[in-house]
Structures are given as C-alpha cells and as structure tokens.
Amino acid sequence: MDATNTDREEPRIRLTANTNVMRNGQVSPPLFPSVPALNGAASYLAETTSYLTSCFPATSDGTPLNSDGQEVVGFKELTEPLLSNNAPPVRDEITRDSVQDCFQNNNSEIVQSNQTSQSGIGISMFQGLVERVKRTVHGSSDDIGWLQRARHMPPIEHGTDRFNNILDNIRHGIHVLPNSMVYLLVPGLFSNHGPLYFTSTKATFSKMGLTCHIAKIHSEASVEKNAREIKEVIEEVHWGSKKRVLILGHSKGGVDAAAALSMYWPELKDKVAGLALAQSPYGGSPIASDIMREGQIGDYFNVRKLMEILISKVIKGDVQSLEDLTYEKRKEFLKKYHLPKELPVVSFHTEANISPAVLATLSRVAHAELPTFSPLSENSTATVLPVVVPLGATLAACAQLLLTRYGEKSDGLVTCRDAEVPGSVVVHPKRKLDHAWMVYSSINDDPSEPDASQVCEALLTLVMEVGLRKKHYLSVKEE
C-alpha cells in the first residue's frame, strides 16, 4: 500500500481483544483507559461484530485483507453504525439493518429448528400411538397355536373315535378301569372357592369301588409351586397304597400336573401310569395374555389391577398363577421342561355353545344349608339349596369374543389349538361344552347325554389303553 493510499484511506484494525486503534499512522489509546472493564467490553463488542459479519457473504472485491488473508474493519465503520441511529448504509460495511437482518435470520433458523424438533417429537408420539393401537388390535394373534408351529415337537394322534366308543360302552355299563390304580383329580384355578369342584366325579368313582382323590393344592399358586405339591401328593398316595397313580387335571390343574411330571420325572416314573389334560391351556391362554400383557385390555380397563386385587388381596393367592398361563411364560417353561416320551398322555378340548339358549344355563358351584327352627321335630334335617351361577352365559360371551377377535374356537377360556399337547392323543368331541362343564354340573343337563363323571372315566380309560400300547411298543422295540 503506497503513501497516497495511506493518506486517502482510513487505517483499519484487526478485531481482537485489547487492540489499539490506528489513526493518522499512530496507535490510538484504548477507548476507556480509566475504566478497564469498559475497555474490555468495547473489545468484546468488536469481536462480536466481527463474528456477525461472517453471517453475510462478501459483496466487494475491494475489502482490504491483512497478512493472514483475514478481512479487517475500519474503526469508523465499526462504531458509527452501532452508535448512530441515522447511519447511512454503506457498501462493504456493517450497518444496523444488516445486524438486525443477521439476528432475524438466526432467530428464524432457531424458530425453524424448534418447529422441526417439535414436529419430530409429534411424529414420534403419533407413531408410538399407532404402534400401541396395532399391538392392542393384534393381541395374541401370533401366539395362538404356537405349539403346532414349533419345530421338533412330536406330532399328535387323533383319538376322538376311540374315545366315543369307550364312552358309549360306559353308558351301557361296561367299565374297565382297574382298582389296581389310584385316580388323582387335579383341580384348576379358583377351585378352592368352588366346593363342588370334581365332587360328582369322585363320588361316581367311589361307587365303582375305585380309589379316587382330589389333590389338595393351592389353586391360586404358581405352576412350579403346585408342581412340587403334586409331586408330594403322588409320592404320598403311592407310599400308602403301593399302587400307581393315574392323573386327570382340569384347566390349570392339567398344566400343574404336567409340570410336576416334567420337572420330577426321574422320581415319579415308577409311580405314575399316565396323564389326561382336560381343557388345559398347555400352550397358554389368550384370556390370561390379554389381561396380563402390556398394551392389551388389562391396561385400558384396569382389568390387570382388578385381577391382582382379587387374587392377592381378596382370595389370598398369587397373581403369578395367572401370569404362568400367558404365552410368554408357557414358552419359557416348555423351553426348559418337556413331558417324557414314554408317558401316556391324552388331551381333551371342547367348544362352548354360543347360542342364545345358553343364557338360561346355570351351574351348581356350592350348596347352602338352611337351619331348621322347629324344636318339636328332633329328626328334622337342614334344608339344602344349590348355589347356582350363570357360568355358561359368561363363558359363552368369552367364547364369542375369542371367535370374533381371533377367529378361534374355544371353550370360553382356552382355545382348541392351545389345549393340544404335542405327542398326545387328542380328543375333540362334537358336543358343545364350556370350560366349567367338566367340573360343575348344570341344572338343565340333558339326561340323554353323558355326564362329566362318565367323560372323565372315558378319558382315563383311553390313557390306560395308550399306556398299554406304548408299553407293548417299547417291549417290541427292545427285542
């Protein structure tokens, strides 16, 4: 830069902290020499202004640069636009409007960024809501019948025809169950609160001279806890009678009994003759899963909380008893434990009647005794009245729900496909029977049809036949 240009152009300074201003070839003193704080503030303002200029593209090729190639700003150009309200816009200089434009641009970018962020959050929340709705609507669709799709599971054998033949023989007075065995009935969930659970079947077996017991377990306990108790019951019965035990479990009772034989088979294999599972959710239950699983009806209607209060607080049970019947828990258990291949197993499942006629069906669940107040009649007995509950109507509604939502036939609580035990002989009668029929008699049962005790007898007879067939097969195989 020559001398002429030096006299004509105003010296410029680099915007760094504590830099003096050159004017007329001399270094000017700091703006506020007596107040260091203000001098530092002025330097900071200069740095800030330099930063703001970077927000705008260069508009002239004549802007002077320093030795490092950085743009420098004149002191007059720096101070006048910031301190004067009437400063004219100058090309290649910072003006009030340009500073405001920079702030406006930055503010608009911040607002746009905030809007984009809020929009992203909104989209994420909407997608989460959609996924939750999909999960709720989908429910247990992928879980029902999973055992039939699982690999390495033994195939089932259809035994309905043979079961019907046995049942017909029983109705004609032909009974083949031997008294060389003990028959153990394992009740299901909430059976402790139904005094008539399995009582008619036990009474019928006793009239035939057969030794029959109802397992005294806590029906609202977990599967593994009941499995230990059933193991102890089997060992006690075998020790006292020296006879093998033939087991029939209903609903969760079948799951508990199967768990006992799966977990403790080495100790029980010489004591157990076979197992029949009647209407048992061996693969899991959609009702239990929809209540206990997050995002299902248990969340929307507080059903899960109500069930926890009912089981834990009211009847003093363990909510794990219901949790163990979900598909997740059944998959975990069956991954660890399997029924032994040499064990004879029969699985029985039915479809509930969903016609309007079922609304009038009432089930006997208990007896109520009315005391007598006649002091003159010494031989008078208390009047016994049946306690009836519309279980048929309730289970029909549940069966209709499962049929509408999942397209699955069920007895009201357990779908037909989930009740089929891999490797078992499966019985599926044409007669419409709900989940409670096997253990609670109805006040309007058709006398021309077999009753629950006859069905239980036919199932145990079929288990005995399957056991004899397996025993013969194994003996031939060994030879």
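**Charge–ring contacts, aromatic pairs and the parallel sheet**

In this predicted model, the charged end of Lys231 sits over the ring of Tyr264, 5.5 Å from its centre, and the charged end of Arg330 is likewise placed over the ring of Tyr282, at 5.3 Å from the ring centre; a charge sits over a ring if NZ of Lys or CZ of Arg is within 6 Å of the ring centre and within 35 degrees of the ring normal. The model being predicted, local features need pLDDT of at least 70 and side-chain atom pairs count only at pLDDT 80 or more, whereas totals for chains, interfaces and linings use all residues. Residues are numbered from 1 along each chain as its sequence is written, and side-chain values use heavy atoms, with hydrogens and water left out.

Strand β6 pairs in the parallel sense with strand β8 (residues 244-250) over six bridges, with Val182 opposite Val245 of β8. Strand β6 also runs parallel to strand β7 (residues 211-214), to which four bridges join it, and the bridge partner of Tyr183 in β7 is Cys212. The chain crosses from β6 to β7 through helix α7 (residues 199-207) in a right-handed β-α-β crossover, meaning that, with the strands pointing away from the viewer, the path from the first strand over the helix to the second runs clockwise. Strand β8 in turn pairs in the parallel sense with strand β9 (residues 272-278) over six bridges, and Gly249 has Leu277 as its bridge partner in β9.

His250 is found in strand β8 and counts as buried because its relative accessibility is 1%. The side chain of His250 makes a polar contact (N or O atoms within 3.5 Å; within protein, one must be able to donate a hydrogen and the other to accept it, and residues adjacent in sequence count only if both atoms are side-chain atoms) with the side chain of Tyr197 at 2.6 Å. Leaving aside neighbours within four places in sequence, the residues in contact with His250 (heavy atoms within 4.5 Å) include Val186 and Pro187, as well as Phe198, Gln279, His435 and Met438.

A search of the whole structure finds four aromatic pairs, for which ring centres of Phe, Tyr and Trp (its six-membered ring) must lie within 6.5 Å, planes under 30 degrees apart counting as stacked, over 60 as edge-to-face and the rest as tilted. One of these is the edge-to-face pair of Tyr183 and Phe205, at 5.9 Å centre to centre and 90 degrees between the planes; this pair links distant parts of the chain, Tyr183 in strand β6 and Phe205 in helix α7, 22 residues apart, and both Tyr183 and Phe205 are buried. Phe333 and Tyr337 form a tilted pair, at 4.9 Å centre to centre and 40 degrees between the planes; Phe333 is buried at 9% relative accessible area, whereas Tyr337 counts as partly exposed at 21% relative accessibility.

Definitions and conventions:
Pairing = 2+ DSSP bridges. Helix = DSSP H or I, 4+ residues; strand = E, 2+ residues; numbered from the N terminus. Buried < 20%, exposed > 50% of the residue type's maximum accessible area, 1.4 Å probe, protein only.
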